[in-house]
Amino acid sequence: MTPDDATMTTDDTLRLVRSEPAQTSAQSPAPIAEDSPDANGRNPLSPRSDLSGDTLGLEKGLPDDAAGPVVAPRTLRAASATLTGTELTRRLRAIGFRIRTTGERDQAVRAFKTGWFRLGPSLMEGSVANSIMGPRASQAIDESYQRSLDGRPTMSPRFSFTETQCPCGGHYADCRRIWPTRLSVIAAEELRAAYFPNGLVPLSWCRCTGHNRAVGGATSSRHLKGDAIDIPHTVSLGRIKDMDLYTGIGVHRADGNVQHVDLRQGSPAEPATWYHP
């Protein structure tokens, strides 16, 4: 097993702390709550970037908002190998994450682990989720990167991380760009399968505080937490309620169809419901 590095000296050295433990067939680690602090004590659902740590020069990877290809091997790493810092930065940038510092890169790793769903083993077991990097996370990130090169979804069977990006496009310096909750990814997969057989393109998923303010969003908007999605208003309120899944539902007043769903605290049996102009 390759341990996480405990010091920070170069871009190829990951910050912190705990190692991702070896997996054995007898282990059954409990999943970690997605709102539990990450390995550096941050709130993983915060819309604000962590710009602490070393600055990562763009010449070592891609611009933080790049969507184009990167030069990297198209072969998956061995299951026992851990990505170097430079390899990790390149791959995460290529699949849509904003990475300017080592702190932001650490945040991106946790957001990747949270969103990675049904494309491989879960990365939200307590010991794995709380490490910064290790072989299993490296293999998943490498697989996601290869999927991006092949034009396949990078996050889950039907969605890519880029589809969750804040629409500000990096306009606000403290925007993290990507931080969907795991439950929102699972719910989106169910919604897509139930009512969008030809595909569901989210109109808005994550929103930073600056963009949310600019578009007149509520100060407590669930988009800030990464568990709200605006969708094309083609499905009726009754059908969304019948899913018994969402706890917040916004309805387009003109046609009575749903344009917003979220996972706020509450009961899907009695979801908070409101109407948009």
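1. Arg118 is found in the loop between α2 and α3 (126-129), where helices (H or I, at least four residues) and strands (E, at least two) are DSSP runs, numbered from the N terminus. This residue has a positive phi of about 65° although it is not a glycine. Arg118 is also exposed, with a relative accessible area of 56%; here buried means under 20% relative accessible area, exposed over 50%, and partly exposed in between, with a 1.4 Å probe and protein chains only.

2. Asp244, which is found in the loop between α7 and β2, likewise has a positive phi, near 55°, in a residue other than glycine. At 48% relative accessibility, Asp244 counts as partly exposed. As background to both of these points, most residues other than glycine have a negative phi.

3. On provenance, this is a predicted model, in which local features need pLDDT of at least 70 and side-chain atom pairs count only at pLDDT 80 or more, while totals for chains, interfaces and linings use all residues. Residues are numbered from 1 along each chain as its sequence is written, and side-chain values use heavy atoms, with hydrogens and water left out.

4. The secondary structure of the protein comes to seven helices and four strands, which follow the pattern α-α-α-α-α-α-β-α-β-β-β along the sequence. Of the 277 residues, 52% count as buried, and the accessible surface comes to about 12000 Å², of which 52% belongs to carbon and sulfur atoms; these areas come from the Shrake-Rupley method with a 1.4 Å probe, and for residues only the protein chains shown count as cover. Among contacts (heavy atoms within 4.5 Å) between residues at least 6 apart in sequence, 67% join residues at least 24 apart.

5. Which strands pair with β2 (residues 248-252), given that pairing requires DSSP to find at least two bridges between two strands? Strand β3 (residues 258-262) pairs with β2 in the antiparallel sense over four bridges, and Ile249 stands opposite Val261 in β3. Strand β4 (residues 272-276) runs parallel to β2 and is joined to it by five bridges, with Val251 standing opposite Tyr275 in β4. The β2 and β3 strands form a hairpin with five residues between them, and Gly256 in the turn has a positive phi of about 75°.

6. Five of the five residues of β2 are buried, so this strand is largely enclosed by the rest of the structure. Gly248, Gly250 and His252 point one way from β2, whereas Ile249 and Val251 point the other way.

7. Not counting residues up to four places away in sequence, Leu92 touches Phe97, Ile99, Arg105, Ala108, Val109, Phe112 and Ile141.

8. A search of the whole structure finds nine salt bridges, each defined as a side-chain nitrogen of Lys or Arg within 4 Å of a carboxyl oxygen of Asp or Glu. One of them joins Arg207 to Asp230, with the closest N and O atoms 3.2 Å apart. Arg207 lies in the loop between α5 (182-195) and α6 (209-214) and Asp230 in strand β1 (residues 228-230), so the pair ties together parts that are 23 residues apart in sequence. Arg207 counts as buried at 11% relative accessibility, and Asp230 is buried at 15%.

9. Two further salt bridges deserve a look in the viewer. Glu104 and Arg100 have their closest N and O atoms 2.6 Å apart; Glu104 is buried at 2% relative accessibility, and Arg100 is buried at 17%. Arg264 and Asp262 meet at 2.7 Å, N to O, where Arg264 is partly exposed with a relative accessible area of 27%, whereas Asp262 counts as buried at 0%.

Terms used. Pairing = 2+ DSSP bridges.
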